[in-house]
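Look at the model below before reading on. This briefing walks through its sheets and a helix pair.

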Amino acid sequence: MSKKKNINPSVKQVLTQLVLDVFEQDGKEALNYKQVAAKLNIREPESRETILEILKEEARKDTLQEIAPGKFKILELKTFIEGKVDMTNDGSAFIVTEDEFENDIFVAPRKLRNALNGDRVKVYVYAKSKGKRKEGEVMEIITRAKMEFTGIVKLSERFAFFIPDDRKMLHDIFIPLGDLNGAKNGMKAVAAITDWPPEAKNPIGRIKTILGVQGENDTEMNAILAEYGFPLSFPAEVEHDAEEISDVITKEEIAKRRDFRKVLTFTIDPFDAKDFDDAISYKKLDNGNFEVGVHIADVSHYIIPDSALDKEAYDRGTSVYLVDRVIPMLPERLSNGLCSLRPNEDKLCFAAVFEMNEEGHVISEWFGKTIIHSNRRFTYEEVQEVIETSEGDYVEEILKLNALAYKLRDAKFKNGAISFESKEVKFKLDETGKPIGVYVKERKDAHKLIEDFMLLANRKVAEFISKKGKGKKKYTFVYRAHDSPNPETLGNFAQFAARFGYKINMKSDREIARSLNHLMADVEGKKEQNVLTQLAIRSMAKAVYTTKSSSHYGLAFDHYTHFTSPIRRYPDVMVHRLLLHYLNGGESVNAEHYEVLSKHSSEKEKKAADAERSSVKYKQAEFLKDHIGSMYTGVISGVTEWGMYVQIIENNCEGMIRLRDISDDFYTWDEKNYAIIGQRKKKVYQLGDEVRIKVKNVDLTKKQIDFLLVQD
């Protein structure tokens with residue numbers, strides 16, 4: 001009798017998928033192993049025997065049912081679903097689906113088949129599941145979310161391992177010694193997974209980039225960029241193409257544009273800005289009205305669609321603003337040079353020009369290409385001083401623009417816009433990038449002046465396009481859309497706010513907005529301000545780029561887009577191209593194509609925001625590293641089953657008090673009431689409560705700060 005050969009596990013895995021595909025396609029038909037083999041065109045005896053093994057194994061798993069000896073059928077139709085892996089800390093995962101199942105599908109660690117967090121996978125959902133939750137097994141990895149990770153290299157004599165920074169990457173990566181690329185023990189680097197055999201516990205990889213010595217500022221900032229998929233430099237081809245662009249503005253080009261070079265124009269930006277996207281022109285008209293032009297850098301003039309420059313800008317999607325640096329979407333030659341609206345230079349723009357009356361109403365509007373010559377580069381601080389003292393350069397014009405901005409703002413809030421004034425944390429850094437101070441950036445009238453005119457331009461451009469065509473003949477456009485909040489999420493926030501004496505009227509969108517604005521005004525300066533503001537923001541939907549909807553709930557605009565920052569946002573480049581196309585009489589473009597581009601832009605925006613937050617968390621941890629043992633007053637900003645987060649009032653740094661470190665009682669988490677409660681003494685610590693803390697420990701690698709509760 002011949003000895004049976006062991007089939008390769010990876011071959012068996014593929015064969016299992018093929019077998020299950022046959023049953024899924026044939027629905028309720030019962031099949032034996034010979035019929036399955038015939039459908040797969042498999043005649044080789046050993047493979048046919050393996051198919052029989054697979055059928056019996058799947059019957060034991062309740063994937064298939066043996067309805068008669070040797071005859072199998074699938075237990076349930078539509079039990080294969082696609083979704084995204086959301087990994088948990090214990091190595092299991094939930095598969096997040098879009099519509100097919102109300103609840104996410106639980107997958108045990110041994111049934112993940114090497115799927116990683118964020119991967120798109122095909123999952124078999126068991127017909128019988130223990131308890132109420134649906135359980136399943138990963139059958140196929142459709143697309144990997146990421147194949148590169150930042151982390152630390154660990155060397156021994158015969159092999160090396162790479163320990164990823166990503167908390168949801170639960171597997172160390174095995175690195176053959178020949179693939180270290182010069183990395184030394186303890187170095188921070190980027191590793192790429194090159195293989196992961198089905199039977200192997202750990203993936204195999206190679207060191208792609210050495211970032212440097214762990215703990216050094218440049219190393220850590222570059223690690224954050226790499227972790228979120230942002231390149232550390234531009235490809236040589238892209239840099240070359242940028243350098244080759246001519247800076248000469250020809251007479252022929254000027255002739256195509258509306259000339260604003262003799263109209264007063266200036267920029268208002270942060271003191272350290274180099275990429276000036278926008279400028280404001282101002283002229284008083286003979287009829288007593290005002291002409292206000294919002295002139296935006298004409299990036300689309302310089303970037304040819306589908307060129308290397310364009311593809312690189314699309315891939316990046318956005319500039320990334322870390323604590324100590326900007327990673328631009330465009331090479332410096334464009335972002336800080338050709339496109340930047342620097343003073344005393346002729347610059348090409350795409351503009352929205354408005355005639356406005358004293359009440360801030362728009363009487364007429366014009367969209368098109370312009371050429372400007374900025375008279376002055378203002379910082380926010382300089383303009384604020386003009387507003388507060390009524391003295392300085394162009395005082396009359398700035399005061400009038402500020403008055404018009406107030407009118408625009410009032411109209412926006414009367415229409416139901418919501419005012420979220422969240423605090424922005426800033427750091428004072430020494431020459432090595434180390435934080436020596438933390439402060440909260442304050443938004444004043446100078447910031448709001450620019451913001452209100454940018455909002456006006458964005459809204460009016462969106463309105464202009466939305467009026468072209470009706471119904472199915474509407475013109476395709478890239479909008480910045482924001483849905484109304486989920487009633488259940490908002491209801492939970494309303495219940496929490498009520499504990500502080502604030503009432504949220506849920507009768508209509510307008511009443512919700514009005515009561516949220518009252519709340520934001522009332523909490524200003526109070527200890528619960530930041531907690532309530534952050535919770536209110538979390539209860540809102542997230543704004544996205546899309547062709548499918550044009551309204552913006554938070555701003556109370558029926559139509560809204562992003563037109564005003566093409567140096568740092570790719571959607572604005574798309575908007576410029578589409579606006580010009582339609583101004584020139586072009587037909588509506590393909591909606592599906594632009595929806596794909598919009599979705600990519602939304603994803604890149606989220607990654608950039610996550611990277612920015614990560615850099616802030618790192619600097620907060622680095623700042624408190626020198627303050628271990630120091631005591632502060634803070635506000636409880638979050639509660640979980642393992643502890644409570646506290647935000648220090650003085651510097652906005654956030655850390656955690658772990659429940660195991662509170663010694664006076666045994667505390668448990670009360671999820672519904674955002675609190676932890678002592679089981680014996682019934683002492684309650686609730687979201688928004690003020691507490692005294694001591695800095696216990698700081699882990700820079702994990703960007704983690706631990707506090708101790710200072711009790712009376």
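In what order do the seven strands of the open sheet with mixed pairing stand? The order is β13-β20-β19-β16-β15-β14-β21. Keep in mind that this is a predicted model.

**The seven-stranded sheet**

- The sheet is open, and its pairing is mixed.
- Strands β13 (258-259) and β21 (376-379) stand at the edges.
- Each of these two has a single partner strand, so one side of each is left without a neighbour in the sheet.
- Strand β15 covers residues 278-284, and strand β16 covers residues 290-297.
- These two strands run antiparallel and are joined by seven bridges.
- Within this pair, Tyr282 stands opposite Val292 in β16.

**Helices on that sheet**

- Helix α10 (residues 380-389) lies across β14 (265-269) and β21.
- The angle between α10 and β21 is about 85°.
- Helix α12 also packs on the sheet.
- It touches β14, β15, β16, β19 (346-356) and β20 (362-373).
- The direction of α12 makes about 105° with that of β20.

**The five-stranded sheet**

- Another open sheet has five strands, in the order β5-β4-β3-β6-β7.
- Its pairing is antiparallel.
- The edge strands are β5 (105-107) and β7 (136-143).
- Each has a single partner strand, so one side of each lacks a neighbour in the sheet.
- From one strand to the next, the twist averages 45°.
- Strand β6 (residues 120-125) pairs with β7 over six bridges, in the antiparallel sense.

**The α12 and α16 pair**

- Two packed helices are described by the angle between their axes and the distance between the axes.
- Helix α12 (residues 445-466) and helix α16 (residues 570-583) have axes that come within 11 Å.
- These axes cross at roughly 45°.
- That angle makes α12 oblique to α16.
- The crossing of α12 past α16 is left-handed.
- From α12, the residues Val461, Phe464 and Ile465 take part in the contact.
- They meet Val575, Leu579, Tyr582 and Leu583 in α16.
- What kinds of residues make up the contact of α12 with α16: nonpolar, polar or charged?
- Seven are nonpolar, with no polar and no charged residues.

How values were computed
Residues are numbered from 1 along each chain as its sequence is written. This is a predicted model: local features need pLDDT of at least 70, side-chain atom pairs count only at pLDDT 80 or more; totals for chains, interfaces and linings use all residues. Side-chain values use heavy atoms; hydrogens and water are left out. Axes are lines fitted to C-alpha atoms, for helices over the stretch in contact, and angles run from 0 to 180 degrees between N-to-C directions. Helices (H or I, at least four residues) and strands (E, at least two) are DSSP runs, numbered from the N terminus. Angles under 35 degrees count as roughly parallel, over 145 as roughly antiparallel, 65 to 115 as roughly perpendicular and the rest as oblique. A crossing is left-handed if the near helix is turned anticlockwise from the far one by less than a right angle, and right-handed if clockwise. Contact means heavy atoms within 4.5 Å. Ala, Val, Leu, Ile, Met, Phe, Trp, Tyr, Cys and Pro count as nonpolar, Asp, Glu, Lys and Arg as charged, and the others, Gly among them, as polar. Two strands pair if DSSP finds at least two bridges between them.
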